[in-house]
Amino acid sequence: MKLQLTSPLDMHLHLRQDNMLKVVAPLSSKTFSGAIIMPNTLPPISTKEQLLRYKEDILNATKGDTFTPYMTLFFKNDYSREFLESIKDEILSIKLYPAGITTNSEGGVSTIDVESLRPTLEIMSDLGIVLNIHGETDGFVMDREAEFVPIYKALAKAFPKLKIVMEHITTKASADALLEFENLYATITLHHLYITLDDVAGGMLQPHLFCKPIAKRPEDREALLELALNANPKVMFGSDSAPHPKSAKEAPGCAAGIFTAPIALQLLAQLFDKHNKLENLQAFVSNNAQKIYAITPAKKIITLEKKSFKIPSSYGNVVPFMANEEIGFVIDN
Ligand code: NCD
Ligand code: ZN
């Protein structure tokens, strides 16, 4: 059995810099037509010059492939209207991180509420720039995302014209909030559709399944599956593929991030097939995102075949999600 996907999009991707960029970028550009590139580099992307240079590096690393890097800026609360006007055609969105919540987010925002963010968000709303949010508080790790939900709601209400994307949602609380507000959307990762906290820490600790936000309870995963498998128009695929060298994962003080880019489409096909929902995969991996972000990606046809495939033990020095496991779909291009 073969299955074709047209112009798959990854709406949340970490490509890193330098050598890591050279290893991982081609693994996305091979199968995706475009991706939203996260700005949590070192230092984070916060000037036009940095942004254009980073885009150039990505285009060089993906040369020969049809692939659009949709660039994002690291949210700062002091960006001026002039600056945002001058950069708006180069970006698709701006990503807001609570300070210190995840990898390279130390320069993020420490007070997240409507009044502190009003000046910047009003400009973004006027200019039609989408806001991506890593929605976690600094509370107890299992409650961080649910505790952030009232903030999502307050922002959605205060800025009704601003499109807000709740990034990598992991809880039923977020899934419910998403459906309450017209201007809230969400990305869902591959790994949060597959695993719960039990897979991470229920037996021997699995560093390659450790990420932010941490995987939650079975009922949370069910809520995400319900949205993704039915390709609810408010959700889109965003892998949050976040490579770290093996030495940074298999270490005391394991870095947060799961590397899924090279096997994401195969494992999505397997999941949608298992639930008899393959007809919804195209919308989840491309069409919904095209509508939400008003983009038309370059045409790229990816053929998947239902055939056994063993996920490699590593790509360069990065260990992928489900390394060495046999899966049921392979890319046939
Ligand atoms: C991401 C990374 O490593 O950049 N890590 C992660 O666990 N998801 C950052 C992020 O999206 O939180
Ligand atoms: Zn991320």
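1. How many helices and strands does the protein chain have? There are twelve helices and eleven strands. Both kinds of element are DSSP runs numbered from the N terminus, helices being H or I with at least four residues and strands E with at least two. The radius of gyration is 18 Å, close to the 20 Å from the globule rule for 333 residues, so the chain is as compact as a globular protein of that length. That radius is taken over C-alpha atoms, and the rule is 2.2 Å times the number of residues to the power 0.38.

2. A note on the basis. This is a predicted model: local features need pLDDT of at least 70, side-chain atom pairs count only at pLDDT 80 or more, and totals for chains, interfaces and linings use all residues. Residues are numbered from 1 along each chain as its sequence is written, chains are lettered from A and ligands numbered from 1 in the order written, and side-chain values use heavy atoms, without hydrogens or water.

3. Overall dimensions. The C-alpha trace spans about 55 × 40 × 40 Å along its principal axes. Of the 333 residues, 58% are buried (under 20% relative accessible area; 1.4 Å probe, protein chains only).

4. Strand S5 (residues 93-96) is covered on both faces. Ser-93 and Lys-95 are buried on one side, Ile-94 and Leu-96 on the other.

5. S5 has parallel partners. Strand S4 (residues 68-74) joins S5 through three bridges, with Phe-74 opposite Lys-95. Strand S6 (residues 130-133) pairs with S5 over four bridges, also parallel; here Ser-93 faces Val-130. Pairing requires at least two DSSP bridges between two strands.

6. Which hand does the crossover from S4 to S5 have? The chain passes through helix H3 (residues 81-87), and this β-α-β crossover is right-handed. S5, helix H4 (residues 114-127) and S6 also make a right-handed β-α-β unit. Right-handed means that, with the strands pointing away from the viewer, the path from the first strand over the helix to the second runs clockwise.

7. An open sheet of three strands has the order S1-S10-S11, with antiparallel pairing. Strands S1 (2-6) and S11 (326-331) are the edges, each pairing on one side only. The twist averages 35 degrees from one strand to the next. Five bridges join S1 to strand S10 (residues 301-310), and Thr-6 stands opposite Ile-301.

Note on methods: Buried < 20%, exposed > 50% of the residue type's maximum accessible area, 1.4 Å probe, protein only. Axes fitted to C-alpha atoms, helices over the stretch in contact; angles between N-to-C directions.
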